[in-house]
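User: Hi! Could you walk me through this structure?

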Amino acid sequence: MARAAVPGRLNRGASWRVAQLVESREETGTARTLVLEVPDWPGHTPGQHVDVRLTAPDGYRAERSYSIASAAAGNRIELTVQRVPDGEVSPYLIDVFSVGDPVEIRGPVGGWFVWRSADPAPVLLVAGGSGIVPLMAMVRARRAAGSRVPFRLIYSVRTPRDAYFADELRQRARDDGGLDVSYVYTRETPDGWPSAAHRIGVADVNSHGWPAELEPTCFVCGPTGFVETVADILVALGHDSRRVKTERFGPTGG
Amino acid sequence: MGIVSPGFQGRPRSSQPSLPPGQYLTEDFPVLSAGPTPRVSLDNWEFVVTTEAGAEHRWSWSEMLALPNETPTVDIHCVTRWSKLQTNWKGVSLDTLLAEVETAADYALVHSYGGYTTNLPLEDLLDGQAWLVHQYEGGELPAEHGGPARLLVPHLYFWKSAKWVRGIQLMLTDEPGFWETAGYHDYGDPWREQRYQGD
């Protein structure tokens, strides 16, 4: 289109590039982090995603979007991919895709669900399951920028074994200053945990989030039902819906 | 162009119907929105068409329901790559709503409860291509899918089918809406794969 570029638009993401897998590590029993080397990567803002394209020998293609987990750093990006049962793309990326293999990617994409380190507003991150990925990019970018913007993260997972980035989050909460991390377990809690397993509710968001008067920017990411619940709670607690940004994972990702 | 992905076969696909490029089929109905789901009461609901001259045409919920309703069955295509075939809707054709509206506008900016906007050429709303729908698969349209009423413009990517729609502003010049300002394509033809600016 002929329209001039404006800040926040990302025209440069339009072309496909061939990236190479340089490292792969297990995150949980069902998720893997892929470290990709991307020639001439233009950088990204935390919260953005890339499109990944796979091509079969007969020319068939499958494309999916994955959130970027890493803060911007040179020509490398990290994607943390959750296995979707019966999926077409995620089982390939987790089981078959190997160090040294090429893959086509396009991006970064997205100019709404992003955190910019120059924004001084406090931040509330609320993640359900694999919805932690773009929020982790924000936590990492905050550290990379040396930002002191106060962050609170509420992370809902089924069991302690399902938590992504658990060691790193513990370390960041200890070392970064101004980052609070709290967990909600929906099926099984760690030993000695003070509350029973439950789905996230008003009390969790109220106790571990920010009061609405502080006008935080809220990022909520996870499965549809989770995001609907949390976004409704935030609005009920008085948060301006324009400061509640959501990203939903349908059951058909994959 | 493109490189072959070592070891990738893809799904068996002999029975796959024809889909726009880059799309895959889904049976369920994913929800995608930028923020919390607005809750709009039918008592307060209205649909307003505003012309470039400032003339307003308003319909209350009961006035909208009293118009001739149609029941389109259409395929829908989301820019996030899912496509859903043969979806059934009920609502009022935009041809009906715009029949008495005098305008020289070429563009429409659609406004939603909650502040969302999206732009499209006015001609894409006419000639049986677009509806204001309030039922999905025989039941009232759920709020997370845009209820009480949303736009349905199935020949464009589904973000153009604005949820929680409250009105259409007719304009002589084009103006990008919410996702278009955030990097998505101005037009959004799934068959030409117009996902992002520059496609």
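This is a predicted model: local features need pLDDT of at least 70, side-chain atom pairs count only at pLDDT 80 or more; totals for chains, interfaces and linings use all residues.

User: Thanks! Which residues of chain B does UniProt list for the domain?

Analyst: An unreviewed UniProt entry lists residues 35–179 of chain B as "domain: Oxidoreductase molybdopterin-binding". Such annotations may be inferred rather than shown by experiment. Over that stretch chain B is 9% helix and 39% strand, and the end C-alpha atoms are 12 Å apart. Helices (H or I, at least four residues) and strands (E, at least two) are DSSP runs, numbered from the N terminus.

User: And how many residues are in the largest nonpolar core?

Analyst: That core has 41 residues, and W45(B), F47(B) and L94(B) are among those with the most contacts inside it. Elements giving it two or more residues include strand 2 (46–50) and helix 2 (94–98) of chain B. A nonpolar core is a set of buried Ala, Val, Leu, Ile, Met, Phe, Trp, Tyr and Cys residues joined through side-chain atoms within 4.5 Å.

User: What does L94(B) touch?

Analyst: Not counting residues up to four places away in sequence, the partners of L94(B) include L125(B), W131(B) and I168(B). Contact means heavy atoms within 4.5 Å.

User: New topic: how many residues does each chain give to the contact?

Analyst: Chain A gives 48 residues and chain B gives 43. About 4000 Å² is buried between them, with carbon and sulfur atoms giving 52%. That area is the accessible area (1.4 Å probe) the two parts lose on being put together, summed over both.

User: How many salt bridges between chain A and chain B?

Analyst: The count is 5. D51(A) and R81(B) meet in a salt bridge (2.9 Å, N to O). The rule asks for a side-chain nitrogen of Lys or Arg within 4 Å of a carboxyl oxygen of Asp or Glu.

User: Last one: is E78(A) buried or exposed?

Analyst: E78(A) is buried because its relative accessible area is 17%, and buried means under 20% (exposed is over 50%, partly exposed in between; 1.4 Å probe, protein chains only). E78(A) sits in strand 5 (residues 76–82) of chain A.

Notes:
Residues are numbered from 1 along each chain as its sequence is written. Chains are lettered from A and ligands numbered from 1 in the order in which they are written. Side-chain values use heavy atoms; hydrogens and water are left out.
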